[in-house]
Amino acid sequence: MNAPFRYPRAVRAMHALIALAILTQMLLTLVMQHPRAKRPMTPQGAFYFQWHEWVGLAAFAVLGANWIYRAARWKQAVRRLFPWSTRPGRAELGRELGLFARLRWRSIPLDGALAGTVHGLGILLASEFALTGSVLFILLWPSNQVTPLASQVMEVHQYLGSAMWAFLAGHGAMAVWHQLAGERSITRMFSPRN
Ligand code: HEM
Ligand code: HEM
């Protein structure tokens, strides 16, 4: 296993905000209602939907800052989060997938192409929700009227909900697994003094 590396303070701060916002959003979807053409929302359903809108806009802002940060260090971002977009990255990803298939999981580097690809997909997924959600916010403004266009964007917005749940469960489980295996993943990512 590689020597543990340190995440820059900005990465840790943005990650904490993104994790908190996305987790909150996903939990809110379990209790909120959303605007419909025929039936009005209950007061409680509308209350939670309002929170979903505002937390979603905050998530959009943090993810936007995250993209600007990554764009300014694009080569590093490609290596860490989108290794599949370069030839050496794809070769490394293939090698690590081979190790995964042969159940040699302890030989897969913590900061390698496989972990990076999953993290990158998580960022893309979260950005898709934040972007389509923010477009929805504009389309539904000011009276939550569901036009045919708003209805189509809603379809796109909720389409990948299961993928987001799967990412959160898998990513969270891997974080706990690596922490318990002594690699201090959660401490390195979340401790303010790290
Ligand atoms: C990163 C931020 C966001 C995440 C992770 C997120 C996540 C989700 C998920 C998973 C669903 C599907 C719920 C289900 O099928 O039970 C959903 C539904 C919905 N969200 Fe968001 N959302 C975000 C931002 C927003 C924003 C900013 C708005 C602003 C209007 C919004 C409006 C809606 C609406 C209207 C629905 C209902 C869509 C439908 O079921 O047809 N979301 N959201
Ligand atoms: C949808 C929300 C989330 C997204 C998009 C996300 C994304 C990421 C990304 C991109 C990285 C790698 C950063 C880099 O290499 O520069 C990362 C690492 C990490 N994430 Fe998340 N994350 C989310 C939620 C969470 C949650 C809820 C937890 C709580 C357990 C968590 C725990 C971690 C840990 C511990 C690491 C460090 C892994 C290591 O180096 O061993 N993440 N995450």
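Visitor: How do the residues of the shell around ligand 2 divide into nonpolar, polar and charged?

Guide: This is a predicted model. In it, 22 residues surround ligand 2, and the closest are Ala19, His119, Gly122, Ala175 and Ser185. By class, the shell holds two charged residues, seven polar and 13 nonpolar.

Visitor: Which helix gives the most to the shell around ligand 2?

Guide: Helices that each supply at least two shell residues are H1 (9–31), H3 (74–81), H5 (113–140), H7 (161–183) and H8 (185–190). The top contribution is six residues, and it comes from H1.

Visitor: Which peptide bond is cis, with omega near 0°?

Guide: Most peptide bonds are trans. The exception here involves Pro142, which lies in the loop between H5 and helix H6 (148–159). The cis bond runs from Trp141 to Pro142.

Visitor: Is Asn144 buried or exposed, or does it count as partly exposed?

Guide: Asn144 sits in the loop between H5 and H6, and its phi is positive, near 55°. A residue needs 20 or more C-beta neighbours within 10 Å to be buried, and 12 or fewer to be exposed. Asn144 has 17 inside 10 Å, so it counts as partly exposed.

Visitor: Where is Arg184 found?

Guide: Arg184 is not a glycine, yet its phi is positive, about 55°. With 13 other C-beta atoms within 10 Å, Arg184 is partly exposed. Its place is the loop between H7 and H8.

Methods. Residues numbered from 1 in each chain as written. Chains lettered and ligands numbered in written order. Predicted model: local features only at pLDDT ≥ 70, side-chain atom pairs only at ≥ 80, totals over all residues. Near = placed C-beta within 6 Å. Helix = DSSP H or I, 4+ residues; strand = E, 2+ residues; numbered from the N terminus. Nonpolar A, V, L, I, M, F, W, Y, C, P; charged D, E, K, R; others polar.
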